[in-house]
Amino acid sequence: MGEEEAIGGVAAFVVYVALPAAALLLWWALGRSQERRHLRDLAAREAALRGVLVTDLRGFPGADPACPPPELVCGEAAIASDGFKSWVFGLRNLFGGESKSFTALFERARREAVARMAEAARARGFDAVCNVRFSTVDIGGNASGAGKKAMPMAVCTVSGTAYRRLSAAR
Amino acid sequence: MIVVNTETVPGCRIVELKGMVQGNTVRAKHAGRDIAAGLKNLIGGELKGYTELLTESRREAVSRMMAQAEALGANAILNVRFSTSAVTAGASEIMAYGTAAVVEAEA
């Protein structure tokens, strides 16, 4: 009887504490390495994009009147949460307050989308983007009642108009 | 065709407005990509399948909008805006709309 109880206790500990804790630790480690890699990559690309002026102004600041016709440029990014962040967010939702990890997740998605848009502008020979607009898409199914199939993720779409500036304005 | 999300085009003047044009699309990725995305949501990182889905949807919506503008005899679409709707997990609707116009270079 005592032995059976001990085995049951160990089994319960493994199933309800050790395994979930190991999974959370693994998700935390994987999620953190992904996040760090992404931030490093973003920092390098944003440094290379410093010559591209990105504004949300409706006009064309510093536009070259003889420039080729401006073009619509867009960028999009869907960045996943990880198991650890989602679990922490579950707790945060219970107690209320800011979720720093999800705030950072959305910021990463926005930076990625803007960098892609600016890269698209540069690839077509432009050096400025104006009238930038942000928007989002609910691919995760969080607003459409997908219930348990809903996936926590940060999705950002951004659009703007690419044009060329006068060399004096650069 | 000049497609911009501003109300004016530098160096060009608007000759004629042709009215609003729009294009939309609802797209999804195959079930395998959805399963992969579900797993990705445990380990973190970019959901490349869904980024691709957005890019394809936006291109499709814009090209449908451009086809409408072309049919109206316009050579530019001004003030382009995007709008989206929630469909279900793994799918999205993107609509692009703007004002079709005829523009010409300022003398």
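Between chain A and chain B there are 17 residue pairs in polar contact, both residues of each pair being at pLDDT 80 or more, where a polar contact is a pair of N or O atoms within 3.5 Å, and within protein one must be able to donate a hydrogen and the other to accept it, while residues adjacent in sequence count only if both atoms are side-chain atoms. Strand 2 of chain A gives the most to the side of chain A that touches chain B, with ten residues. By class, that side of chain A has 21 nonpolar, 13 polar and eight charged residues; here Ala, Val, Leu, Ile, Met, Phe, Trp, Tyr, Cys and Pro count as nonpolar, Asp, Glu, Lys and Arg as charged, and the others, Gly among them, as polar.

A word on the source before I go on. This is a predicted model, in which local features need pLDDT of at least 70 and side-chain atom pairs count only at pLDDT 80 or more, whereas totals for chains, interfaces and linings use all residues. Residues are numbered from 1 along each chain as its sequence is written, chains are lettered from A and ligands numbered from 1 in the order in which they are written, and side-chain values use heavy atoms, with hydrogens and water left out.

Staying with the interface, 42 residues of chain A are in contact with 37 residues of chain B, contact meaning heavy atoms within 4.5 Å. The two chains bury about 3,200 Å² between them, 61% of it on carbon and sulfur atoms; buried area is the accessible area (1.4 Å probe) that two parts lose on being put together, summed over both. In chain A, the residues that lose the most area to chain B are A:Leu72, A:Glu76 and A:Ile139, together 19% of what that side buries.

Three salt bridges are found across this interface, a salt bridge being a side-chain nitrogen of Lys or Arg within 4 Å of a carboxyl oxygen of Asp or Glu. A:Arg58 forms a salt bridge with B:Glu7, with the closest N and O atoms 2.2 Å apart. Over all chains, the search finds 20 salt bridges. Within chain A, the side chains of A:Arg111 and A:Glu46 meet in a salt bridge at 2.9 Å, N to O, and this pair links helix 3 to helix 1 of chain A, 65 residues apart.

Now to the sheets, for which helices (H or I, at least four residues) and strands (E, at least two) are DSSP runs, numbered from the N terminus, and two strands pair if DSSP finds at least two bridges between them. An open sheet of five strands has the order 1(A)-3(A)-4(A)-2(A)-3(B), with mixed pairing. Strand 1 of chain A and strand 3 of chain B stand at its edges, each with a single partner strand, so one side of each is left without a neighbour in the sheet. Strand 2 of chain A and strand 3 of chain B pair in the antiparallel sense over two bridges, and A:Ala80 stands opposite B:Gly45.

Chain B also has an open sheet of four strands, in the order 1-4-5-2. There, strand 1 and strand 4 run parallel and are joined by two bridges, and the bridge partner of B:Ile2 is B:Ala76.
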